[in-house]
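Here is a friendly walk through one protein model, to be read with the structure open beside you. Have a look at the picture before moving on.

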Amino acid sequence: MLNALAGLVKRYSSPEFSVVHGGHVQTIAAGNYTVSGLSRHVRLGEFVAHRSPTGIHLGEVVRVEPDSVVVCPIEPGEPISIHDTVIRKGAFRVAPTASWCGRTINALGEPIDGLGPLLQGDDRRSIHNSAPPSMTRKRVEKGFSTGVRAIDIFAPLCLGQRLGIFAGSGVGKSTLLSMLARADAFDKVVIALVGERGREVREFIEDTLGDNLSKSVAVVATSDESPMLRKMAPLTAVTIAEHYRDQGDNVLLIIDSVTRFAHAIREVATASGEPPIARGYPASVFTELPRLLERAGPGAEGSGSITAIISILVDGDNHNDPIADSTRGILDGHIVMERSLAEEGRYPPINPLASISRLARKAWTPDQEKLVSRLKALIHRFEETRDLRLIGGYRPGGDPDLDMAIKQVPIIYEVLKQTPSERPAADSFSDLAMALKNAAGQGGAPARGRG
């Protein structure tokens, strides 16, 4: 961490960030400090550098008042004393290049993989960029295969789409993300691991990405790092993705998870005195979420696109908690993973009836759309009569649709089962058709529960 901060201080010593204004520490509290003398010269989100006897420490301006500004240090625990000098440094920027592919960095844009320093490009971008103007963006038109049968059949994706994966803790979000990261439709992959367990970082990067590692950039802020770093990690990742998009690349952006990004914003906002408005979340959380998510998607004509796959951790398996509700309305579709399906051994535990892609019709052919509609009707019929069948209330021949559902839905569930060790499915509809055909040739499948 010290090396990373030293690198940032060196970067900010360039003429672009030459010191113009300074102030002094006025008060110190847990998680922040106030500075006098900078109120007229700084903006929200800008960086400042605090000089102490142990060196220079960076912080972000989170509140501006007439006589003082509130600063959250990037790394808590730094030594701060009254009257220490604080200088304005401006907006935090990163300068990605193609050479960053294959590297793992922290939220500050500094390498943490031990492979040496990163080359800096000429395109210096603020991590607080705005989304492209809506009327200049390309239309989303082209579908692609993820290799995950449950998604490719029931909620197919298009290049430039933004999809949310909603699940409780321990249900398998990260495992599903690792399967999606292997998709071959992208030129670059940018991954933000926010608040993840430190032991899982190397496993995800080295074991999951495989051949895609050479075209991937991972931005990591583990659970033990400061809320400022966890807040910055997705912003740094989407800024890198924007650079590649503007170079004409189709980029896959994975953020795991946006809920921990919201938690980090809540910690910073609460420490700066912002009151909560919805189950402990302050208003700034619901301002920052659309700003982040809207930056993904198609670029302007002539550029590439950012396809975003975002995981959302639903608190207590409540899919209507404030963060899940807010992100569901912004994204272009959602995959719902249920704990009950995971407990039955169905992986990935995706509920095909609750999962929706708002751009599915651009990916399906007309025949595929009709087939999926029929499959959902069968699954719904199978599930709504489950209790009736368990108590022996079902008699074959009385309902042709139910008879067909009992024969075919268990086969559909078997086809949807998939583990990370399996090869991605080349043609999910063909796999399903073959399984149903084989079962028909053997006289169907026995009736059972949810598979």
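## Two residues with positive phi

Histidine 83 sits in the loop that runs between strand S5 (68-73) and strand S6 (85-90); helices (H or I, at least four residues) and strands (E, at least two) are DSSP runs, numbered from the N terminus. Although histidine 83 is not a glycine, its phi is positive, at about 75°. Its side of the story is an open one: histidine 83 is exposed, with a relative accessible area of 60%. Here buried means under 20% relative accessible area, exposed over 50%, and partly exposed in between (1.4 Å probe, protein chains only).

Arginine 279 counts as exposed, at 60% relative accessibility.

## About the model

Please keep in mind that this is a predicted model, in which local features need pLDDT of at least 70 and side-chain atom pairs count only at pLDDT 80 or more, while totals for chains, interfaces and linings use all residues. Residues are numbered from 1 along each chain as its sequence is written, and side-chain values use heavy atoms, with hydrogens and water left out.

## Domains and their contact

The protein chain divides into domain 1 (19-91), domain 2 (94-363) and domain 3 (367-436), with bounds that come from an automatic or database domain assignment. Between domain 2 and domain 3, the C-alpha centres are 31 Å apart. Their contact draws 21 residues from domain 2 and 24 residues from domain 3, where contact means heavy atoms within 4.5 Å.

How much area do domain 2 and domain 3 bury between them? The figure is about 2,100 Å², with 58% of it on carbon and sulfur atoms. Buried area is the accessible area (1.4 Å probe) that two parts lose on being put together, summed over both. On the domain 2 side, Arg149, Ile153 and Phe154 lose the most area to domain 3, together 35% of what that side buries.

Helix H3 (residues 173-180) is largely enclosed by the rest of the structure, because six of its eight residues are buried. Those buried residues are Lys173, Leu176, Leu177, Ser178, Met179 and Leu180. Among the elements that cover them are helix H2 (149-154), strand S12 (162-167), helix H4 (198-208) and strand S15 (250-256). Strand S19 (305-313) and strand S20 (333-336) also belong to this cover.

With 1% relative accessibility, valine 148 counts as buried. Leaving aside neighbours within four places in sequence, valine 148 is in contact with Leu176, Met179, Leu180, Pro348, Gln418 and Ser428.

## Two cis peptide bonds

Pro348, one of the contacts of valine 148, takes part in a cis peptide bond: the bond from tyrosine 347 to proline 348 has omega near -5°. Proline 348 is in the loop between helix H9 (339-343) and strand S21 (356-357).

Where is the other residue to look at, serine 257? Serine 257 is found in the loop between S15 and helix H6 (258-271). The peptide bond leading from aspartate 256 to serine 257 is cis, with omega near 0°.

## H7 against H8

Two packed helices are described by the angle between their axes and the distance between the axes. For helix H7 (residues 283-293) and helix H8 (residues 322-330), the axes come within 10 Å and cross at roughly 35°. Axes are lines fitted to C-alpha atoms, for helices over the stretch in contact, and angles run from 0 to 180 degrees between N-to-C directions. The contact is made by Val285, Phe286, Leu289, Pro290 and Leu293 of H7 and by Pro322, Ile323, Ser326, Thr327 and Ile330 of H8.

Threonine 327, in helix H8, is buried, with a relative accessible area of 0%. Not counting residues up to four places away in sequence, threonine 327 touches Phe166, Val258, Leu289, Leu293 and Ile312. Threonine 327 and leucine 289 are 38 residues apart in sequence, and their C-alpha atoms are 7.3 Å apart in space.
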